[in-house]
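Dear colleague,

I am passing on a structure that you have not worked with before, and I have set out below what I found when going through it. Please open it alongside this message and follow the residues as they come up.

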Amino acid sequence: IPCVPWQSQTSGHLRNCVDALAKGDLASHIPYRDSALTKLLKTSLGGNSLTLLVACIVPSDKYSTENGNTLRYASKASKVSNTPIINEDPQAQLIRSLKKQIVGLKKQLTRVKQVYVMKSSAVMPHFKQLKSPKSNGNFHKRPLWPLV
């Protein structure tokens with residue numbers, strides 16, 4: 001496959017960036033500025049994004065060296081790890097976390113209410129709410145002594 005000289009230089013610069021990122025030492029220099037392609041791929045390679053690499057090989061003995069080089073490059077590129085973070089407005093992030101906290105507190109409150117109802121019915125089973133015939137809809141708690 002004929003290759004234009006700038007293509008081999010650009011792929012070499014990309015390989016250098018991937019090699020530096022695969023080492024995992026972020027304190028070392030990553031040569032993003034060496035070519036236009038690496039400048040464009042800076043956020044994808046080591047930045048704040050998810051990246052997918054598709055390695056295409058040809059099932060022929062004629063291209064075995066290219067296939068080997070492609071697989072070695074893909075293996076090295078798979079060692080590059082990014083930790084993408086959602087770019088979010090701090091106020092929106094605070095609102096989202098407070099809504100999450102409200103949901104958790106509501107769940108906790110319903111659990112406490114259920115436990116309280118269970119305990120109160122177990123402690124005082126002989127008390128019931130009765131409607132007083134003399135009052136208009138007022139409820140009073142009257143003990144109903146168990147008939148034995």
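Please keep in mind that this is a predicted model. I begin with L45, which, apart from its neighbours within four places in sequence, is in contact with L14, C17, V18, L21, Y32, T51, V80 and N82.

L45 also belongs to the largest nonpolar core, a set of nine residues whose other members are L14, C17, V18, A20, L21, I30, Y32 and A77. Helix α1, which runs over residues 5–23, gives the most to this core, namely five residues.

Two or more lining residues come from each of α1, α3 (42–46) and α4, and the largest share, three residues, is that of α4. The space in this pocket comes to about 330 Å³, and its lining divides into 11 nonpolar residues and six polar ones, with no charged residue.

Helix α4, which covers residues 64–77, also holds N67. Is N67 buried or exposed? Its relative accessibility is 12%, and because the cut-off for buried is under 20%, N67 counts as buried. Leaving aside neighbours within four places in sequence, the contacts of N67 are with I57, V58 and S60.

With best wishes

Methods
Residues are numbered from 1 along each chain as its sequence is written. This is a predicted model: local features need pLDDT of at least 70, side-chain atom pairs count only at pLDDT 80 or more; totals for chains, interfaces and linings use all residues. Side-chain values use heavy atoms; hydrogens and water are left out. Helices (H or I, at least four residues) and strands (E, at least two) are DSSP runs, numbered from the N terminus. Buried means under 20% relative accessible area, exposed over 50%, partly exposed in between (1.4 Å probe, protein chains only). Contact means heavy atoms within 4.5 Å. A nonpolar core is a set of buried Ala, Val, Leu, Ile, Met, Phe, Trp, Tyr and Cys residues joined through side-chain atoms within 4.5 Å. On a 1 Å grid over the protein atoms alone, a cavity is a set of points where a 1.4 Å probe fits but cannot get out, and a pocket is an open set with protein on both sides within 12 Å along at least five of seven lines; lining residues have an atom within 4 Å of a point. Grid points are joined across faces, edges and corners, and a volume is the space filled by probe spheres set on the points. Ala, Val, Leu, Ile, Met, Phe, Trp, Tyr, Cys and Pro count as nonpolar, Asp, Glu, Lys and Arg as charged, and the others, Gly among them, as polar.
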